[in-house]
Amino acid sequence: MQKTRILWADDEIDLLKPHILFLNNKGYEVTAVNSGADALDEIDHEYFDIVFLDENMPGMTGLETLSYIKSTHPNLPVVMITKNEEEQIMEEAIGSKIADYLIKPLNPNQILLSVKRILDNRRLVSERTNQSYQQDFRNLSMAFNDRMDHKEWTDVYKKLVYWELEIDNTDDKSMAEVLEMQKVEANSNFKRFIKDNYSDWLNNPDVERPLLSHQLMKTKVFPELGDTPVFFIVIDNLRYDQWKIMEPIIQESYNILEEDNYYSILPTTTAYARNAIFSGMMPSDMAKNHPDIWVGEDQDEKKNHYEDEFLKRQLKRQRLDIKSSYNKVIHTSQGKTLVDNFNNLMTNDLNVIVYNFVDMLSHARTDLQMIRELAPDESAYRSITLSWILHSPLLDLLKKAASKDVKVIITTDHGTIRVTRPFKIVGDRNTNTNLRYKQGKNLAFHDEKVFVCRKPEEIFLPKVNVSTAYVFSTEDYFFAYPNNYNHYVNYYKDTFQHGGVSLEEMILPVITLSPKGS
């Protein structure tokens, strides 16, 4: 195995021989020079894995040498070593993208730690991550078999997401398949949990229940109304793992006052879950109390055209005499217009903003082969979400708001799951087309892999007719009709869908933020 090669430049290099011998004994090959010019000459003719560079050398200084190295070898790690602890020197070195900064006098272990942190970091992190997940694997599997409550299920899901993101950031993906199998096992048990408890959450006032979609604004948004404007941002179809990868970007400008979770109602779709958020009602109550703006499954009109009106009526019902706005962003131009009109938003007590990008991404991945190629797996799907937030008008809006005295609440209406297994179901021509839930009469299927509700009123869902039933797909199954079955399965397998029962679709983030600059 080829030795790691280190170039060390210092005008007092002879005094560093004990350190160089120490590194030699640890298996590193060290080339020593006593000036910046000599260092550049070595770099131009030889390969090195890392450079140690004294900041205070006569002739060409360490910072001047660093500047040249970065212009010709931008990916070569450089460790700046200095006796000078002046903040300006440190900032200039860090701004030049050094890999580490060491202060003289040095000790051997300090040097060795720096080398390992830079060169062996990914390998060591990969090994430790896989070992740690193996240790936690048993604890998680045992938890699935216990009678957990909704809080414990949330904790389990967050732990699974944590390990998924940790393993995703390592070079060694040997445990990724094991984790994927454990997620499948978790969703299988979560299905039973929802079957046993969902109706009780809605009907039994004495049972311990999670926060649900229709309670979200009353519980998380309205209490924040006061002297400062509140921005309530709903990113359609945003899963908890997608929130976690965009969280560091948001934290550059905001303090997280609270990271909480809530459960989406069923079906986990815009028509039901998001309308429940803005109306503050369950679907059957919306249909009963607001028939003029409720759009049922038997109607061709789009189901989310009246969110702004549902919001107005909820505010009135809660006796909140406030100035509010509702904005839906589907296209980038709409997002830019919203940013341009930011000062107008600051005159409102409440600004509700819906961003549709993530939902559009999931649909595009189903319909467009190019998007499937760009996002072939969960990791790539998250990566596209991250790229969007980095370049989106939403981030521009958040940055503008970060300089003001505001409150920001970010959430979603439902998540999405990558479906891989087809499930045969038969319905008449009036049955809805969603792949994760079906509503209709005379539905034919086998019960074991689904959550069936034959009395929709028990879970506050509208009944189109007397025999209406709702059937929710669970785990990573998707509904497929027997007609043209193989074509249907091949087209929709390995796509991201929502509407059913899974950890990914139902357990959702709700984040309260405060600008760091306020």
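I am working with a predicted model, where local features need pLDDT of at least 70 and side-chain atom pairs count only at pLDDT 80 or more, while totals for chains, interfaces and linings use all residues. Residues are numbered from 1 along each chain as its sequence is written, and side-chain values use heavy atoms, with hydrogens and water left out.

**Entry: a buried tyrosine**

I began with Tyr 470, which is buried at a relative accessible area of 0%. I found Tyr 470 in strand E15 (residues 469-473); for helices (H or I, at least four residues) and strands (E, at least two) I take DSSP runs, numbered from the N terminus. What is Tyr 470 in contact with, leaving aside its neighbours within four places in sequence? With contact meaning heavy atoms within 4.5 Å, I listed Tyr 272, Tyr 437, Lys 438, Gln 439, Phe 451, Val 452, Cys 453, Pro 456, Leu 461 and Pro 462. I also took a C-alpha distance from Tyr 470 to Lys 173: 39 Å, for two residues 297 apart along the chain.

**Entry: the whole chain**

I stepped back to the overall picture. The chain has 518 residues, and 53% of them count as buried. I counted 21 helices and 18 strands in its secondary structure. The C-alpha trace spans about 90 × 50 × 45 Å along its principal axes. Among contacts with a separation of 6 or more, 74% come from residues 24 or more positions apart.

**Entry: charges**

I place each charge at NZ of Lys, CZ of Arg, CG of Asp or CD of Glu.

Where do the negative charges gather in a patch on the surface? I found Asp 146, Asp 149, Glu 152 and Asp 155 there. A patch takes residues with over 30% relative accessible area and no salt bridge, joining like charges within 9 Å and nonpolar side chains (Val, Leu, Ile, Met, Phe, Trp, Tyr) within 5 Å. Asp 149 lies in the loop between helix H6 (121-144) and helix H7 (150-168), and at 31% relative accessibility Asp 149 counts as partly exposed.

**Entry: salt bridges**

My rule is a side-chain nitrogen of Lys or Arg within 4 Å of a carboxyl oxygen of Asp or Glu. How many salt bridges does this rule give? The count comes to 33.

I looked up three of them:

- Asp 136 and Lys 159 meet at 3.2 Å, N to O. This pair links distant parts of the chain, with Asp 136 in helix H6 and Lys 159 in helix H7, 23 residues apart. Asp 136 is buried at 12%, and Lys 159 is partly exposed at 34%.
- Glu 258 and Lys 220 meet at 3.0 Å, N to O. Glu 258 lies in strand E7 (residues 254-263) and Lys 220 in helix H9 (residues 216-221), so the pair ties together parts 38 residues apart in sequence. Glu 258 is partly exposed at 33%, and Lys 220 is buried at 10%.
- Arg 421 and Glu 475 meet at 3.1 Å, N to O. Arg 421 lies in strand E12 (residues 421-424) and Glu 475 in the loop between E15 and strand E16 (477-480), so parts 54 residues apart in sequence are tied together. Arg 421 is partly exposed at 27%, and Glu 475 is buried at 3%.

I noted a cis peptide bond joining Lys 104 and Pro 105, with omega about 0 degrees. Pro 105 sits in the loop between strand E5 (100-103) and helix H5 (108-119).

Arg 319 has a positive phi of about 60 degrees although it is not a glycine. At 78% relative accessibility, Arg 319 counts as exposed.

Terms used. Areas by Shrake-Rupley, 256 points an atom, 1.4 Å probe, with all protein chains shown as cover. Lys, Arg positive; Asp, Glu negative; His and termini not counted. Buried < 20%, exposed > 50% of the residue type's maximum accessible area, 1.4 Å probe, protein only.
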